[in-house]
Amino acid sequence: MNPEILNELYAGAGAALAPLLWLAAGLSAVLIADVFAGLKAVRPVLVPLTLGGAAWSAGALISDPAGAVLGGSFLADARTGAFALVFLASAALAWAQARRYYTEEAPFLGEHDALLLTAPMGMILMAGAQDLILFFVGLELLSIPLYCLSAFRRARTESVEAGLRYFVLGAFGVALFLMGAALLYTLTGSVSLEGLAAAKELLASPMGATGLALLLASLFFKAGVAPFHLWVPDVYQGAPTPIASLMATGTKAAAFAFLLRLVPALPAEAGVGLGLVAVVTMAIGNLGALGQTDLKRLFAWSGVAHAGTLLLVIAGAVAAGGTDHQEAVRNAAFSATLLYVAAYAFSAGGALGLVAWMEADGEEYRSLSRWQGLGTVRPGVAAGMTLFALSLGGIPATGGFLGKWLAFSTAVRAELVPLAVLGALTSVVALGYYLRIVVDLWMRPRPEDAAAPSAERPLAAFAAGFSAAMVLALGVAPGLLLGRLIG
Amino acid sequence: MVDLLFYVAALLSVLCALGVVISENPVQSVLMLLGSFLGIAVIYLLAGFQFLAAIQVLVYGGAIMVLFLFVVMLLNLGDPEVQADEPLFHGRGRVTGGLGVALAALAVLLTASRGTALAPVETYLWPEGGLDPLLGMAEAMFGRYVLPFEAASVLLLATAVGVMALAKRQRTKRAIAPAPLESKEAAA
């Protein structure tokens with residue numbers, strides 16, 4: 001092979017990979033600055049600088065897509081850019097929440113930040129992957145830092161247990177993926193999504209169906225879709241709150257970004273089955289959340305329900321395959337997924353961020369009873385939590401409402417009306433526990449033994465304010481933010 | 001002859017892989033893993049990838065295996081009889097795992113018995129430079145698969161950082177504190 005061929009192969013790769021290069025450079029810089037005491041002054045700015053640079057180059061991909069690069073293995077189009085912005089935002093929120101969160105682990109913040117920068121690299125690779133090998137490396141690049149970060153509070157049994165549980169189950173999920181990919185490769189001779197979509201009749205054989213099912217199972221595991229959701233509440237509860245926030249928002253967004261890419265390879269008959277799984281997931285998540293008194297567990301169960309809603313969108317896109325409105329439904333599915341994950345990233349990220357903030361005043365702020373009457377002593381925090389809970393519940397004028405509306409309308413356009421109706425009904429159940437948070441915050445008296453929370457954390461306050469602004473902006477004027485992507 | 005060799009190597013690697021998870025003695029597990037790696041190396045060799053086979057033996061069979069043995073030694077797992085009070089495979093786990101493997105095997109057999117033609121051989125990932133092992137691997141590694149290859153290096157870095165963050169826990173306190181005397185006496 002002569003150098004000209006390589007030149008041709010690498011053409012355009014610089015712009016396409018710019019967000020990844022920013023993150024890789026930032027990762028190295030964080031590690032280097034952590035070693036030399038003389039560089040102490042630059043440590044705090046490195047992560048925001050890296051995330052900002054990566055976001056800027058991801059934004060450049062939206063306005064000026066680089067297309068498929070490196071022999072078509074990575075697709076850096078506007079969709080990859082848009083999802084990358086969501087991943088970077090959830091990483092930035094997690095970083096801001098983590099600043100004053102750790103106490104005895106504070107000397108290890110350098111390692112923490114390095115791992116925090118690796119996870120979005122994996123997410124971006126997952127969103128842009130055009131073949132299963134690249135996707136697999138992306139999945140691992142996302143998972144391994146999260147395993148370590150879940151167990152980051154080494155002195156606490158619950159954190160170590162969360163990390164171990166996530167690691168063991170995650171390794172199992174990854175093994176499912178590899179088994180499925182091996183079956184598909186044996187059958188079709190291809191690991192690229194294009195090749196899989198071209199060999200659709202082969203995929204209908206029992207071996208192909210098993211391969212696809214295993215692939216989906218591992219994605220469902222990462223996204224927390226039933227029946228692979230059992231780890232979610234325990235891991236979110238045990239993991240440090242900023243990491244739980246990153247797992248809830250970023251991982252879910254990345255899994256669904258890849259599911260959107262996988263849609264052309266799935267047979268249209270699978271649509272109804274996926275829709276059923278989606279509705280069951282929504283029901284399980286919402287019913288599971290109803291009885292929770294621990295806020296982190298509550299948001300974990302609600303995250304399961306949100307994964308179900310997102311899966312309903314995918315089911316719609318799959319079910320529309322082969323019909324004459326296939327393209328229209330798939331575009332609608334993309335808009336719905338993007339808006340939904342963006343709104344969810346800021347609502348759930350914001351809510352868990354507030355929990356992390358209040359935890360500085362004592363761990364008991366994880367339980368909902370401690371938040372009773374908080375409106376009287378910390379109106380700002382209480383107002384933020386109210387907005388995030390309403391957005392998660394899908395109340396109009398918030399991003400969550402618009403996301404839900406687009407999601408259910410995609411399912412209706414794909415003629416999955418009964419499933420959409422059932423899904424909407426389970427969302428009504430969800431209002432039960434979201435409104436309970438609001439009632440507790442404003443209409444209950446403050447428990448007498450509870451001291452007023454005193455921790456002032458400007459960065460966490462800024463992150464919460466920014467999330468609140470984004471939730472409102474996505475709900476009121478989504479066109480301003482996503483106009484170029486959503487027609 | 002080649003066919004026979006393939007089946008022997010494949011059977012060896014599958015049986016050894018089973019042995020890795022079934023064996024209750026960690027050292028035995030590690031040795032079984034070695035057998036599995038060697039079986040796979042033979043399969044690489046039969047497929048014409050001499051370089052990959054050599055790397056498999058050197059890196060996996062040699063270096064990684066030694067690391068595994070070090071870990072087993074450092075962890076000092078002790079008497080397997082004592083450790084085995086909670087078997088790895090519970091009844092339910094055995095049934096579920098067995099069912100899963102059986103289902104996957106059934107799917108493969110069903111597809112084969114129906115005579116579903118696999119994709120034509122050309123579509124498989126043959127390296128463009130033919131079967132010349134080094135050239136083909138280099139082309140794949142620095143061509144279409146350069147991104148997974150480079151990302152894997154970041155992955156290894158992140159793993160190392162994560163392990164350090166979890167394992168080194170005494171940077172703040174008790175960094176140079178002597179070991180408590182009681183434990184030494186107890187050991188003696």
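Among contacts in chain B between residues at least 6 apart in sequence, 57% join residues at least 24 apart, a contact being heavy atoms within 4.5 Å. The model is predicted, so local features need pLDDT of at least 70 and side-chain atom pairs count only at pLDDT 80 or more, whereas totals for chains, interfaces and linings use all residues. Residues are numbered from 1 along each chain as its sequence is written, chains are lettered from A and ligands numbered from 1 in the order in which they are written, and side-chain values use heavy atoms, with hydrogens and water left out.

Chain B contains eight helices and zero strands, in the order α-α-α-α-α-α-α-α along the sequence. Helices (H or I, at least four residues) and strands (E, at least two) are DSSP runs numbered from the N terminus. Of the 188 residues in chain B, 23% are buried; buried means under 20% relative accessible area, exposed over 50%, and partly exposed in between (1.4 Å probe, protein chains only). The accessible area of chain B is about 13,100 Å², with 73% supplied by carbon and sulfur atoms (Shrake-Rupley method, 1.4 Å probe; for residues, only the protein chains shown count as cover). S29(B), in helix 2 (residues 26–46) of chain B, counts as buried because its relative accessibility is 13%. Leaving aside residues up to four places away in sequence, S29(B) touches G19(B), V20(B) and S23(B).

The size of an interface is often given as the accessible area lost when the parts come together. Chain A and chain B bury about 3,700 Å² between them, 74% of it on carbon and sulfur atoms, where buried area is the accessible area (1.4 Å probe) that two parts lose on being put together, summed over both. Chain A contributes 47 residues to the contact and chain B 37 residues. One salt bridge is counted between the chains, a salt bridge being a side-chain nitrogen of Lys or Arg within 4 Å of a carboxyl oxygen of Asp or Glu. Between D131(A) and R144(B), the side chains form a salt bridge with an N to O distance of 3.2 Å. On the side of chain A that touches chain B, at least two residues come from each of helix 1 (3–10), helix 3, helix 6 (109–128), helix 7 (132–150), helix 8 (157–188) and helix 11 (206–223) of chain A. Helix 7 of chain A gives the largest share, eight residues.

Helix 1 of chain A lies largely in the open, because zero of its eight residues are buried. Just after this helix, G12(A) has a positive phi of about 80°. T50(A), in helix 4 of chain A, is counted as buried because its relative accessibility is 4%. Its contacts, not counting residues up to four places away in sequence, are W22(A), L23(A), G26(A) and L117(A).

Most residues other than glycine have a negative phi, and most peptide bonds are trans. L70(A), not a glycine, has a positive phi of about 55°; this residue is in the loop between strand 1 (67–69) and strand 2 (74–76) of chain A and is buried, at a relative accessible area of 3%. E415(A) also has a positive phi, near 65°. E415(A) is placed in the loop between helix 19 (399–413) and helix 20 (417–443) of chain A and counts as exposed at 59% relative accessibility. A cis peptide bond, with omega about 0°, joins A226(A) and P227(A).
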